[in-house]
Amino acid sequence: MKVVKFGGSSLATGAQVQKVLNIIQADNDRRIVVVSAPGKRFTDDIKVTDLLKTYADQTIAGDDTTDILLTILARYQDIAQYFGLEKNKIIPQIKQQLIQLNRVHYPSFDHLYAAFMGHGELLNAQLIACILQTIGQPATFVSPMDLGMTVSGSPRAARLDPASYERMHHVQYDANKLLIVPGFIAYTNDGYAATFSRGGSDITGAILARGLHADLYENFTDVSAIYTVNPGIVANPKSIEKMTYREMRELSYAGFAVFHDEAIIPVIEANIPINVKNTNDPEAPGTMIVPNQAITPTLPVTGIANDDRFAALYLHRYLLNREVGFTLKILQILASYNVSYEHMPSGIDDMTIIFDKSQLTPTIKAHISHDLYQTIAPDDLEWLDDYAIIMIVGEGMQKNIGTLNKITAALAKDNINLPMVNQGASQISTMLGVPVDQMDEAVKVIYEAVF
Ligand SMILES: Nc1ncnc2c1ncn2[C@@H]1O[C@H](COP(=O)(O)OP(=O)(O)O)[C@@H](O)[C@H]1O
Ligand SMILES: N[C@@H](CC(=O)OP(=O)(O)O)C(=O)O
């Protein structure tokens with residue numbers, strides 16, 4: 001049995017949905033179908049999830065929501081119309097659920113955003129189940145809750161309750177009917193809607209693949225393979241035919257947006273291979289992501305990922321290495337502001353703490369600086385706001401001498417500053433910190449040096 005996930009780009013229009021139906025019908029093993037909300041139809045278009053965010057913003061502000069509601073409804077109407085379903089009762093049902101959203105009381109704004117934004121997937125799954133039924137394909141809409149999946153934690157970055165797998169193991173479903181499941185949205189034990197973090201339909205697919213014992217998790221998107229580098233930076237990059245789970249985890253963490261970094265974890269635990277494929281080119285083999293031992297690397301580097309979502313805090317104090325509990329004190333300060341850190345490379349008298357900058361408001365930064373001066377009295381404390389990370393990843397790097405040398409020499413030749421290099425913590429990757437304005441150029445230079 002295969003779990004198949006279709007991303008927003010695969011479901012943006014009626015014509016795209018038709019391709020999805022063809023893919024599902026081409027293979028009888030494709031039984032569990034996870035769908036995203038309709039995505040962008042063209043470059044400047046707005047995803048339904050983002051339209052729903054605007055609807056939530058306007059609801060909170062007490063603004064008139066008539067226009068945004070109709071804009072969202074139109075996205076579903078367009079798809080329905082393509083299949084001749086504009087008069088089907090599914091359309092008033094979708095409209096009613098959209099209207100209902102702003103009549104409910106939510107325990108917090110985060111719960112409200114989660115409920116609104118998660119409806120993009122919820123309504124799309126209902127529509128697609130309805131389309132399949134009208135073309136005579138047995139299919140049914142299923143809520144993640146009905147499959148035993150519950151979540152907890154932050155409503156907009158929910159975590160799966162581990163007990164879900166035990167419940168999913170006992171779920172009975174009709175194997176002759178396709179199950180159409182909304183991605184991204186999930187429910188807490190109290191019945192409140194929550195979502196995974198953005199791009200989280202990949203996570204739903206991975207959880208269902210593990211929980212329902214799939215042999216393969218197929219993830220359909222709009223590229224024919226995962227490329228060795230972001231195709232937005234290097235034109236026509238090489239594709240990756242096969243890579244390991246841990247390579248994908250590092251690359252998606254550091255910017256390969258094609259697959260959510262959290263979505264690797266459930267499939268690793270169950271050893272289920274992932275096949276990333278293209279809805280617009282379903283015959284292409286795509287990229288296989290497989291257990292770590294299933295690959296003998298031929299090249300040192302598999303991929304180069306980059307992301308500018310970081311900020312760094314540089315701290316200097318003599319004899320930092322000798323002071324018992326120094327790092328603990330810093331972490332206690334961060335924890336008191338509910339701030340997590342991403343990486344912490346350190347030297348004998350220095351350390352750099354790298355954060356996801358979405359957590360750092362000017363007020364939080366000021367509080368952290370104040371508490372650090374009070375508690376550890378650094379000789380130097382400096383915030384680096386525009387900090388990018390480039391991650392060079394490959395199972396083959398461990399055994400290959402000279403890769404880092406090649407990279408740093410090429411960067412030096414191009415006059416690119418390299419304020420941080422972190423190698424060794426992960427045996428399969430090297431992390432470079434670069435100023436944001438040099439990130440794209442650095443990625444191009446590294447790509448030329450290693451491929
Ligand atoms: N290394 C990479 N290989 C392939 N695609 C990448 C890579 N890095 C970034 N991307 C981007 O990821 C996009 C697909 O992810 P996403 O937009 O989330 O798709 P979906 O709508 O299917 O969920 C591609 O169109 C591409 O622009
Ligand atoms: N629609 C959600 C979840 C998701 O996974 O979307 P996509 O498959 O379009 O990346 C989002 O935009 O975050």
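Reply: UniProt, in an unreviewed entry, places a "binding site" at Thr221, Asp222 and Tyr227. The model here is predicted.

Start with Thr221. Thr221 is found in strand β9, residues 216-221. Thr221 is buried, because 24 other C-beta atoms lie within 10 Å and 20 or more count as buried. Leaving aside neighbours within four places in sequence, Thr221 is in contact with Gly7, Ser9, Ser10, Val258, Val276, Asn278 and Thr279.

Asp222 lies in the loop between β9 and β10 (226-227). Asp222 is partly exposed, with 17 other C-beta atoms within 10 Å. With neighbours within four places in sequence set aside, the contacts of Asp222 are Ser9, Ser10, Asn278, Thr279 and Asn280.

Now the ligand. Ligand 1 is surrounded by 18 residues. The closest are Gly7, Ser9, Thr221, Tyr227 and Val258. By class, the shell has seven nonpolar, ten polar and one charged residues.

Next, the sheet. Strand β9 belongs to an open sheet of eight strands, ordered β3-β6-β2-β1-β9-β13-β14-β12, with mixed pairing. Its edge strands are β3 (139-141) and β12 (242-244), each pairing on one side only. Neighbouring strands are turned by 20° against each other on average, direction ignored. Strands β1 (residues 2-6) and β2 (residues 30-35) run parallel, joined by five bridges. In that pair, Lys2 stands opposite Arg30 in β2.

Two helices lie across this sheet's strands. Helix α5 (residues 109-134) lies across β2, β3 and β6 (178-182), at about 160° to β6. Helix α8 (residues 245-253) lies across β12 and β14 (287-290), at about 85° to β12.

Conventions
Residues are numbered from 1 along each chain as its sequence is written. Chains are lettered from A and ligands numbered from 1 in the order in which they are written. This is a predicted model: local features need pLDDT of at least 70, side-chain atom pairs count only at pLDDT 80 or more; totals for chains, interfaces and linings use all residues. Two strands pair if DSSP finds at least two bridges between them. Helices (H or I, at least four residues) and strands (E, at least two) are DSSP runs, numbered from the N terminus. Axes are lines fitted to C-alpha atoms, for helices over the stretch in contact, and angles run from 0 to 180 degrees between N-to-C directions. Two residues are in contact if their C-beta atoms, placed from the backbone, lie within 7 Å. A residue is near a molecule or strand if its C-beta atom, placed from the backbone, lies within 6 Å of it. Ala, Val, Leu, Ile, Met, Phe, Trp, Tyr, Cys and Pro count as nonpolar, Asp, Glu, Lys and Arg as charged, and the others, Gly among them, as polar. UniProt positions are given in the numbering used here, feature names are shortened, and annotations may be inferred rather than shown by experiment. A residue is buried if 20 or more other C-beta atoms lie within 10 Å of its own, exposed if 12 or fewer, and partly exposed in between; C-beta atoms are placed from the backbone.
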